[in-house]
Amino acid sequence: RLDAVAIGELLIDFTPAGVSEQGLPRYEQNPGGAPANVMAGLTKLGKRTAFIGKVGEDAFGRFLTGELEKHGVDTGGMVFTGEAGTTLAFVSLDASGDRSFSFYRNPGADMLLQESEIDWERIGAAALFHFGSVSMTHEPSASATLRAAAYARREGKLVSFDPNLRPLLWPDLDRAKRLILEGLTYSDVLKLSEEELHFLTGERDLEAGTRQLQEQYGTPLIFVTLGPDGSFYRQGERTGRVPGFAVKAVDTTGAGDAFFSGALFRLMESGKRPEALTEEELGEVCRSGNAAGALTTTRKGAIPALPSREELDQLIRGN
Ligand code: ATP
C-alpha cells in the first residue's frame, strides 16, 4: 500500500555555478519537477510515495530516476522513451540577479506520457493522488494527467492539485486556464500562489478569488501561499490566515512544494477529509506547510532542502 502517488514532469534544472578556470560558465545539474518534489517531501516526513512520469532513455533520465529512488520515492511506475530526450531547463541570471529560464523540451520525454502507460495499480493502491499543470501543457501527457486525476477522484482518493503555472511552457494561456480549471473539478485540495489566483479568477483579493473558485468548483480546501507572510486557506465559508515562520532564507526554490508536502502530511495524519477539519486543525495544517516551506528556504536546492519530521516538529513546537 502507498500513502501517496503523483503524476507529472521530471526535468533537469541546470543552475549557474560560477565559472571555470578558463572563464566559462559552469552549471549544476539539479533534479526538477514539482509533483516529484512533493512526493519526496512526504517521504522525508515518513510517508510511502510513488511517482509516475516519463523520461528519456538517457543519462539524465537515469539520473532523475536514481535521485527519486535515493530519496525513497518508488519509481516502478516510471516510463522510459527513446522518442525524445529528458527535458532540460537552463537558468541564467541577468545583471540584477533575476532568474530566466531556457527550456529544451521540443518535445521533452515528459510530454509524451500516454494514458495507456499510466500505472493504474499504483494510483489504486494510494490514499492520495497529486498532480500539477506542467504535464498538461501538451498532448498526450495533458489527457493522461487529467484522466488519471478523474480516475483517482472516482476511486475516492484524496486528490491534491498544485497548478504551478509556468506561462513560458504553454503554447496558449487560454488553454492553460481551461485545463487548470478542468483539473479543479477533480480536486479536493488546491494550492495556489497569489499570481495564480489572479490568473484563474481575475481577482487579487484572497477572499473574493477563493470564494469564486469554491462556489464554481466546490473545492473543499484551497490554500494560497504568501511567501514569508505564510498562507491563507478557505474551507467552504471558513477562511483564515496563518503567519509564516521567520527564518533566514537563502534559496526559495521548492518552497511551494515543501509547503504542500507539509500541509498534506498534517492533513493525512488527521485521518479526516479536508471538509471535516476543524478551525484548529486547519491552522495546524497551514502551520505544518509554513514550517516545511520556511525550512526549505534556509538551504540550497529543492529535494535536498526538504525538512525531516524532527526538524518540522521542532520549528512548530518552538513557536
Ligand atoms: P515556488 O517558488 O516554490 O513556486 P510558491 O510561490 O508556490 O513558491 P511561496 O509562497 O514562495 O510559494 O512559499 C511557500 C511557503 O513557504 C509560504 O507559504 C511560506 O509558508 C514559506 N516561505 C516561503 N518563503 C519564505 C520566507 N522567506 N520565510 C519564511 N517562510 C517562507
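**Reading the sheet and the ligand site**

Mentor: Let's begin with the open sheet: eight strands in the order β4-β1-β9-β10-β11-β12-β13-β14, with mixed pairing. Strands here are DSSP runs (E, at least two residues; helices are H or I, at least four), numbered from the N terminus. This is a predicted model, where local features need pLDDT of at least 70 and side-chain atom pairs 80 or more, while totals for chains, interfaces and linings use all residues. Residues are numbered from 1 along each chain as its sequence is written, and side-chain values use heavy atoms, leaving out hydrogens and water.

Trainee: Which are the edge strands?

Mentor: β4 (49-52) and β14 (238-242), as each pairs on one side only. Two strands pair if DSSP finds at least two bridges between them.

Trainee: How do strands β12 and β13 run, and how many bridges join them?

Mentor: In general, strands of a sheet pair through backbone hydrogen bonds, either parallel or antiparallel. Here β12 (residues 221-225) and β13 (residues 231-235) run antiparallel, joined by four bridges. Look at V224: its bridge partner in β13 is F232.

Trainee: Now the ligand: how many residues surround it?

Mentor: Being near means having a heavy atom within 4 Å. By that rule 18 residues surround the ligand, and the closest are T225, G227, G230, G256 and N290. α9 gives the most to this shell, with four residues.

Trainee: Where is an oxygen atom of the ligand relative to T225?

Mentor: An oxygen atom of the ligand is 3.1 Å from an N or O atom in the T225 side chain. Another entry to look at is G256, with a polar backbone atom 3.0 Å from a ligand oxygen atom.

Conventions:
A polar contact is a pair of N or O atoms within 3.5 Å; within protein, one must be able to donate a hydrogen and the other to accept it, and residues adjacent in sequence count only if both atoms are side-chain atoms.
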